[in-house]
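Dear colleague,

Here is the structure I said I would pass on. My notes follow below it.

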Amino acid sequence: MHRLFWRPLSTAVAALAALAGALPAAAAPLVDRPILIAHRGASGYLPEHTMEAYRLAVSMGADFIEPDLFLTADGVAVARHDRNLNATTNAGSVNIDSLSWAQVQALEARSRGTTGYATPGGSPYYDGSELFRVPSFVEVLDYVHGLYQDSGRIVGVYPEVKTISGNASYNLAIADAMLAALNDPRYDGFFDGSRGNVFLQSFDQSVVQYLNTRTELPLVFLTSCPGTAAAAATVRSFADGIGVSSAGASQACIDRAHDAGLLVHVYTLTDVASQYELYYGRGVDGIFGNHPDVGVGVRDALFPSTPVPEPASWALFAAGATGLAAWRRRRAA
C-alpha cells in the first residue's frame, strides 16, 4: 500500500509550529487539511442526534456531521447512539429496534447530560424548555443535500453502523439501509463519494469488511491502534482509515497508521482547545468533537483555508480540502 496522491501541506505545518511552539514538532496529516467532525452534532450544546444539534454544528463550521444508526422494528434507519432509549429520550427503558418509526416519531429526544454533553441551562443554546425529536437518517441526508442545493455549501456525513451483539443479520441490515439511503436517486449522486463528503464507520470489523465489498465510499474502522506495521496493513486491506480514542492516539500510533496509508480520526474531544492543538500537532487527519466551534477555531488557526470559492466551485474545493474525492482503496484479494 502507498499514500497515493496525498501530500503534507507545508504552509499548514509551518502555521502549526508557529502557533503551538510549546508542543513537540508537528507531524503532517495525510490530507491537506484535517477535518472537524461534529460528534453526534453539536452535542456539547444541544441534545445529541437531533436536527437542531446538526444544524448548530453546521453553523459553527463543522466539516462533517455524525449520525449513529439503528433500525426501527419496521426497518427505518434512525439517528441514535444507544440501542436502549432511556438515556436520550422520554421512552424509558426500551430498545429502539422494538419500536416502529411512527412510535419513535412520537418520542421526545433529550440530552444524556453527562460530562461533555449538553445540560439544560449549562449551554447558551439549551434551557430545557425546547422540544426535540429523533430524526431518521433520511432527514439528515435531506438536510445536508438541501443545504447544498440552496447555498452550494458541502457538509459531509459520517454515519456509523451501530450493532447488536450476536445479531449479525440486523447489523448488516443497518449497513444495507445506510447504503440504500445514500444511493437514493433523489440525491442525484451527491453522496457518491466524488465530493469527498462521506465516510462510513463501525466498531464491528465484520461490518466494515461487508461494506468493503459493497461500496467504494471511504471506510473507517473504529478500533484500537494497530500495534505493528503488519496489523496496520491488514486494516488497510479493508478500510481507508481508523478511528481511535484520544487516549490511544499516540504519535507512534498515528505514524504507524499513516505509514500503512490509513487516515487517522480521533474521538472524542470536548471544549478544551489545547487538546485539539495536541492532536492536530500529532498529524491526525480529523477529530470528532462535541463542541465544533472550538475544534474548528483551532483547526482554522493551525491550517488556514484557501479563500472560499463561489458556490459553483464548492465541489472542487471540497475535494481538494479533504484529499479524498479521487481516492479508491485497493480491495483485499
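Is the crossing of H4 and H5 left-handed or right-handed? The crossing is right-handed; a crossing is called right-handed if the near helix is turned clockwise from the far one by less than a right angle, and left-handed if anticlockwise.

Before the rest, some conventions. This is a predicted model, in which local features need pLDDT of at least 70 and side-chain atom pairs count only at pLDDT 80 or more, while totals for chains, interfaces and linings use all residues. Residues are numbered from 1 along each chain as its sequence is written, and side-chain values use heavy atoms, with hydrogens and water left out. Helices (H or I, at least four residues) and strands (E, at least two) are DSSP runs, numbered from the N terminus.

Helix pair

H4 covers residues 137–151 and H5 residues 168–182; they pack at an angle of about 30 degrees, with axes 10 Å apart. The axes are lines fitted to C-alpha atoms over the stretch in contact, and angles run from 0 to 180 degrees between N-to-C directions. H4 and H5 are therefore roughly parallel (under 35 degrees; over 145 is roughly antiparallel, 65 to 115 roughly perpendicular, the rest oblique). On the H4 side, Phe137, Val138 and Leu141 meet Met178, Ala181 and Leu182 of H5, where contact means heavy atoms within 4.5 Å. By class, this contact has six nonpolar residues, no polar and no charged ones. Nonpolar here covers Ala, Val, Leu, Ile, Met, Phe, Trp, Tyr, Cys and Pro; Asp, Glu, Lys and Arg are charged, and the others, Gly among them, polar.

Disulfide

The structure holds one disulfide (a pair of cysteine sulfur atoms within 2.5 Å). It joins Cys225 to Cys253, with S to S at 2.3 Å. Cys225 sits in the loop between strand E8 (219–222) and helix H7 (229–236), and Cys253 in helix H8 (residues 251–259), so the pair, 28 residues apart, links distant parts of the chain. The torsion about the S-S bond is about 115 degrees, so the disulfide is right-handed. Cys253 is buried, at 2% relative accessible area (buried is under 20%, exposed over 50%, partly exposed in between; 1.4 Å probe, protein chains only).

Backbone

The peptide bond from Tyr267 to Thr268 is cis, with omega near -20 degrees; Thr268 is in strand E10 (residues 263–269). His49, not a glycine, has a positive phi of about 50 degrees and is buried at 0% relative accessibility. Asp188 also has a positive phi, near 50 degrees, but is exposed at 67%.

Regards
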